[in-house]
Every structure is written in structure tokens, then in C-alpha cells.
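I opened a new page for this one.

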Amino acid sequence: MTAVRGLLHAVRRREQLADATFAFARLGLPTALALAAIAIATLRLAGAPKAVLWIAFAPFPVIAAWALTRRRSWRATARRVDHHYALADRLGSAYEFAEHPPRSEDPRTASIVLLLQSQAEAAASGLDPRPVVPVTIPAPRWRDAAALALVGLAIVLPAPRAQVLVPRLSAPDLRAWAPATSRTPVDLSLADPLRQSLRALTGSGDVAAETAAGILEILGQLERGELDRQAALAALEALEQALADTEVQFEAALEEDPGMLADAMQDLAAALRAHEITEEAGQALAHEHGEESEAALQDAAESAEADPSQREDLRDAMQDAARALERSAGQETSTAAALDEAERRLRKDQAESKAGETPQERERRLKKQERRVEELRRQHAREEAARRQLEQLQRDARDAARGGGAGQGAERRSVERLARGARDASGQSRQASRLRQTRDGIEEAKSIVRRAGQKGDAQKRRQQQFKRFAQAAKGQKQDGKPGSTLLVPGELGEGEPMMMGEEGTPQPGSADDGRPGDGFADEGAQGEDPGAAQPTEQDGSAGHGTEGQGEGSVDPLADPRADPRDRSVRLRDVHVEAQRGHGVSRAEVIRESSQRGFANEDYRDVYTSYRAFAQSTLDNEVVPAARRRAIQRYYQLIAPRAHQD
Amino acid sequence: MTSAATTADTAQELQALAEDLKRLIDEVQQVIVGQDRVIQGVITCLLAGGHGLLEGVPGLGKTLLIRSLAQAVDLDFSRIQFTPDLMPADIVGTSVLIQGELAGGASSLQYQPGPIFSNIILADEINRATPKTQSALLEAMAEGTVTAAGETRALPRPFLVLATQNPLEMEGTYPLPEAQLDRFLFKIRVDFPGEDELIAILDRTTGGASGRVRPVLSARRIAQMQELVRAIPVTESLTRYVVRVLRATHPEDPRAPELVRRYVRFGGSPRGAQATLLAARVRACLDGRATPSIADVREAVFPALRHRIILNFEGEAEGIAIDDCLAQVLGVVPTD
């Protein structure tokens, strides 16, 4: 029965193929098209992720599995072959007798069965299974056409504006950190500004809002004594970790660069504010209120449509908007150059290895570089996507400025498209901005919690720290020996260093050599550091030549609202003379380091002391979130790097 | 003997059977024009060892067919014309008084066999005889014996009753009871011949030369054939199919089609399934095949079951054809 079984197996495979083909064509194709249409529509209307398109392929594995696992009787398959070749059930009967011999005791019956089986074997060996089960693709029907039409309709739906969906964040369970016994309430009056900004974040129902609510709750419990500082810090860190996870997902889902979109929206807002008819929309957009801006622009478009006198104003506004968007879209960033440089360096490092480097070190270094290249590539792609989005908005604005082309209401539709696009772009940048603000809020809250309740001890530590820093800034080591200094060499004032916000007794400063000295001055500082120069609005210190007028620096941490003309502190301009022959100054260290890639040991020391002081200040002072972020970013940028040579 | 030799012998035997049957059919067709299905049905009855009921209007050659078959197989043939005054003794025989000089001096009663003591009996217009007379056939058909004058006598083998009845002329007739109908293996419908067949009939019967039937098979050969037919193997799936078909003729069966559920009072009896399977075997032999197929069963279902299904009052009133019910049954019953 070998030939019969072989033939039946071949026919069975043909049956499976034919079933699958038929089902693919009749059921799978229209279903897949319909699902694709739904997926595209969802993608375009609801901003679903692109992965939803994979659902269109869902019918195919299902059908394949059905075709493979569908129950078929071997007898039926044999009957099919018999029927096709007009064998009068010969193969099927022979197969069945092989499986279940007849119960007759008549020897002639057994003999007939043998005869039948030999006839079946002879017949089966010469039969072709292909014509038995023809595999044909059925002709398309109206359902296929309807499904195809649905896909077409879905494709022509307006393209979605990128909407990054951020997963919801669950607030941490504070009970996990709350001790059974109550704690002494902590005074958190310093946290009032933070609370205010956090309250502004709540109420939106997104991750930022939930996190802000979580921070407020933690601060509240700390203040009421329901949490101690350690538990509050642990809770904040848990929030921070959860937010970091969310940011990773947000980052992965981002398609356009939110920073670029945010800048562009601000430019657009400025252009719109310049015209009366779009002023309200511009204001709303400047405050990242995309929906309000959209509504205001639509109102403006309707007004312009109804009143020809306003039409020109709207067209001028659209003209300006198009220019602003064109500028924003054309703005070059350093990402492409950085990417080229990173890729070049990676290729070079991949090609040659450094002397004395172990394979593990080399592998780590290359992996780090690869990650960097990957990040830059992603960023570059996002910037390109943002640029394309801005170009689309620019086209919409230009259409609106030209009157929207042919057809009644075309101008209004162009404005509405622009308004929608601006709303989406604004919404996306707002999401990023809110997440950033939330992270700043956590940082600030942690800082507040750290110093809460330390009172006198902390103040003492701060004073000592500040003193050490002032000495270091003057180039004096703790043992009194001269060291490197960031200051321009010159005369150093005498007197005790004063902390920002600390009231002190003014003392006249005098240089060691009796000449006027140079020093730092905090803008708006109430105390006076003897020897400090007068404050200016310029940030950074500079020495003019080897001898001259010192211009004091503006402390980036100082209150910018302070009146620079305030002479309540007695300030005195001093002349300094460059100090020569006292070794390497800190300025030289930094300058030299910058030429060598910020990689030498001296620079590392300088950086460590500066960074520690800055961090201490951030931890102990009320610093606005934006400033806090700028400071941290600055120190990240000037961080010591690995040796390049 | 090796299995190859056995297989070759069996093939030869089946081949010889098919050829003999073909010669028999050809011989009968010397005088009968067309009516292939009827001839095949009658031969099926002969080989299956059953009896046939031929139903058709007068003049379609029923009697001629049966006589020709008897001549071709070289068997005894009796024709009994059933009339209302026909008595059972007229069929099975009777005891007659034998005068003394004829019987060696003393008169005595001697059994005189009736026409039923033949191999092939033509019971012409069987529904014209009274039920009493009809029932005289019952024992003969079922048992192959007759009891007369207190003595049971075996009928010659093979024994084949082929009855005819006229479906139109029902006045003064006695429809066969269900029990007796069930004794017939087949109920064969003799249809009116087609145009070409009629022309051929006219040519043959009105011309000078008419065909003569020569005997081509002996009684012994017929008996061998009957044995071989019963040795034909049948697959289990085919047997199950026959059973499913039979059960579907009953209105209470879940597979029963609409016509059966509405118009059938009783479905086919187990004898119907036996008849179907036997007939399918014969059909396979006629075709020279070693085992019957589904197609054989589907062909055999109509003559084997049509007289075993009883319509209800609505079915009779509506004039429902039982063949239509059977066609629906075959349409709904799965083959596997």
C-alpha cells in the first residue's frame, strides 16, 4: 500500500494548499484589506502606533493554521482520487481493507481483497495528484473591491499629526515608606514656589500631572510628620525612577524633535501676535495652549471670510507665519555635524585599536560610541521629521496667504489645517515640556527634602564649604599654599567670604600688595565680599590685560530682578595687576584643558570642586527650575572626559 | 498455492463472471430492446437469490423479458397468470385421485406439483389474485419450500419469482401486503421505451426474422455465481453508508430529509439494507470489479427500497413519489 499512501499524502497536501489558497482569496484578502483600512484610519484619526498596521496580516496565519489543521478523513481523500480518475472507489476500498480487513471467513474474500489491493497499488503508482485537487485562485468579487475601496478611503484621510502617547504613571504607594509612628512636622515654607509650580502641572490627567500630585503628596506628608526625610526621599526617588521609565518610552515613541517644534511654535506665535486678527491665537500658542490657539485661528478664518476688510490682515498674518515657519524649518542644528563626527570616529576606532587597551576596554568603548551614534541618528531623524512637519505647516500658511487656491472656503480650510498642525505640534512640545518640568520638580523637591530640618548644622556646613570654595577660587589651598585659580591673576581682597543672601558687615578690602583687588560679586547680594567688584549684567569674569579695571561677574544663581544700581552695599572698583610667576592659574588650567579635550587631571580637580559647590548650592538654595536645569546642563557639558591621547 | 497465484485466479474468476453476465445480457437483448436497467435488475435478483417485482403498464415486454432470461440461463420456467379466481392449489399443486388401473389396481391420491416447481416463476399481474392466493407464494418465496397435502417440498434451485403488476388498473385488484412486498428483493419499474427503442421493437417484431434466445448459462454456473457474489468483500464505510441511508428513510431519524419527515409513515426494513448491499455486490460483479462502490449502492437503493417505504396519508394524497424521497435521502446522507 506504499504507492496508495504516498498518493494520498500528496493529495492531502494539495488539499491543504487549495484550501489555504481559496480561503486566502475569498476570506483572507477582503478581511486583511478591511483590517488594513481600519488600522490606517485608526492611525490617522486616533494617532495609534504604526504597529497597529500589523493587524492586517492577522488573517493569514489564522487561515494557514486552519488549512493545516482542518480535519480530513483519509477515506474522503481516497474517495476524491477515485472519483477523479473514475476508479469506482478502488483506492479507498483498498486503503480501508488495509486498515480494517473484512470479517468474512471465506478464503475467496481474502483473495479478492488481495487482488483489490494489488490493483490499487498498480493504479496509484501511475497517478498524478495535481489534477485531483486543482489549486485555483478564485476571481475577485465585490467584497474585495469594497475592501480595497475602504483602504483607499483610509489612505486619503488627513495625515496624522504626531501625537506621542505617554503611558500613565501610577503614583507610588506612600504607605510603603510611612513609619507606624508619627514624626515631627517639618517646616517646608521654602517649598512654596515649588508647590505652586507643581499645582500648575496637576489637573491634566497625564503623567506629569500624576507625578506632580505625587510630589505634592510626599511634601505634604513630610510637612505633617507622616513621613520622615528618608522615607520622603525614597518615595521621591521611586517617583523619579517611574518618571525616567516613562521618559524612556516617550523618547522611543517620539517621531519629531519636540524642542525644534517648540521653538518653531514660539516663532509662529510671535508672527501671529503681530497681527490683530491672529493676536489671540498667537498668545495662546505662546503659552502652549494648542486647542485655544486652534479655536482662535478658526474664528479668525471665519471672521475673514465674513468680512473682506479683515481678509487682508489675515493674509498678511499668514504670510508672516509662513516666513516664521520657513525660518524655523531651515534652521540648522549641530546634530548632523555631530553625527558625522561620531560616525567618523567610530569607523576609525573600529578600524584601529589603541595601544595598551584590553579587548574588554575596547569593546566597552566601541559600544559606548555606537550608542552615541545611535542616539544622534535618532535625534537627526526626529529633527528631519520635525522639519518636514514644519514645512507642511509652512505650505498650509502659504496657501492661506494666497487665498487657499480655488473653491469657496479654501482659504478657511488652509487656515484650519495650519491651526490643526500648530495645535498638534504645540501639544507634542508641551508634553515634552511638562515631563521636563516634572523632572525638575522632583529634583527640587529632593533638594528641599535633603536640607529640611538641618537648620543650624547645615548652615555651618554651608559656611565652611563656601569658605573653602572662596579660598580655592583665590588660588589658596587649605594648607595656605598657593594653588591654581579661576580668577585672573591680580590682587585678592581680604575678609571673610559671604554667602549669597547672607548679611554681613562690609569690610574694606585690600590687596596683598596694597593694590586694588578683583573678585566675584553676586548681583543683588545683600552682603559684601571685601574686594568684590561692582556688579554688571555681564556674566563671567574677565581681566583686562595685566592691569586694569576688574569687572565683577553676575552670579547665575542670583536674583535677576535685583536692581544693579542698588548701592545699599558699598561696592568699590579695584584695579588689579596680573600676577606673574605663581604657577598655573585656574583660568589657564581651563583654557589648556579645553584645547586638550577637558581630559587632564588638573582640570578634573578644578571641575570636582566647582561641581561640588554648585551642587551644594542647588541643594540648599531656592533656585528656579529653569536655572537649575541650565546649571546641571552646563556642568554636564564641561565634565572631564577620558584621556584622548 | 502462492498468494500471487490465488490473486490471479481470483481475478480470472471475477473476469469470467463479468463475461458470463455480459453474454447473458447480450442474449436477452436479442429479443428485448432497451430496458437495460430492467434486465440488469432481473439479473441482480437472479444472482442475489432474491425475487423481483416488475411494475409497468401492459405491453412493455415484461413477460417476454422473463421468458427470455429463463431460456438464456437454461432453467425451468413457469408462467402463472394471476386472476381473482386463482386458488393457492393452482400454484403450489394439489393431490389428485389416481384410478386403480393407472396405479397398479388401487386408486390413490397423488400430489401433482403446481407451476411453482420451476426455477423461474413469472407471476403475471400478481395483484389480481386474492390475498389468500398471494400468500401461497409467501412461503415459497421466503423459504424455498411449499407445503401441500401435509408435506413440505423443496423447490428447485435456483428459485426466482418475478412478479408483475399494473400500476394503473387498480379496480378489482388486491394490493400486495407490506409483508409480502418485503419478500421481494427489488421492485423494478418498467418504463415506456423511448423513440429509438420503439422503432427497434417494431422492426424486430413486425419483420420476418425475430431473435432467438440460446441458453448461455447453466443452473450450476448460476449457483457458482451466486456464491461468488456473496464472497465479494464490502468495506465497513460502505456498510455504514447503507445503514445511514436506510435509517434516513425513517421520519424520526435526525438525518431524514424534509420529504421523508413529512410524508413517510414507515421507512425501509433491514431487509432493504440487505437487498441494497447484495445488489451493490452484483453490480460490482457485472462491472468486473472486486468490491462495490458508493455509486453501486446509490444505484441499488431505488429498486431495493422503493417498495419497502410506506407513505402516510398526506403522502398518498399529495402523490409523493417514493423515488423522490429516496433521492432526497441520498442527497443528505454523507458518504463518510
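I began with a term: a salt bridge is a side-chain nitrogen of Lys or Arg within 4 Å of a carboxyl oxygen of Asp or Glu. I then looked between chain B and chain A and found 1 salt bridge. Glu13(B) makes it with Arg108(A), and the closest N and O atoms are 3.9 Å apart.

I noted the ground rules. The model is predicted, so to speak of local features I need pLDDT of at least 70, and for side-chain atom pairs 80 or more, while totals for chains, interfaces and linings use all residues. Residues are numbered from 1 along each chain as its sequence is written, chains are lettered from A in the order written, and side-chain values use heavy atoms, without hydrogens and water.

Next, the interface. I read that 24 residues of chain B are in contact (heavy atoms within 4.5 Å) with 21 residues of chain A. Which helix of chain B gives the largest share of the side that touches chain A? I found α1(B), with 7 residues. By class, I listed 10 nonpolar, 9 polar and 5 charged residues on that side of chain B. Here Ala, Val, Leu, Ile, Met, Phe, Trp, Tyr, Cys and Pro count as nonpolar, Asp, Glu, Lys and Arg as charged, and the others, Gly among them, as polar.

Last, the cores. A nonpolar core joins buried (under 20% relative accessible area, 1.4 Å probe, protein chains only) Ala, Val, Leu, Ile, Met, Phe, Trp, Tyr and Cys residues through side-chain atoms within 4.5 Å. The largest has 70 residues, and Leu54(B) is one of those with the most contacts inside it. Apart from this core I found another, of 33 residues, including Met260(A) and Ala397(A).

Definitions and conventions. Buried means under 20% relative accessible area, exposed over 50%, partly exposed in between (1.4 Å probe, protein chains only). Helices (H or I, at least four residues) and strands (E, at least two) are DSSP runs, numbered from the N terminus.
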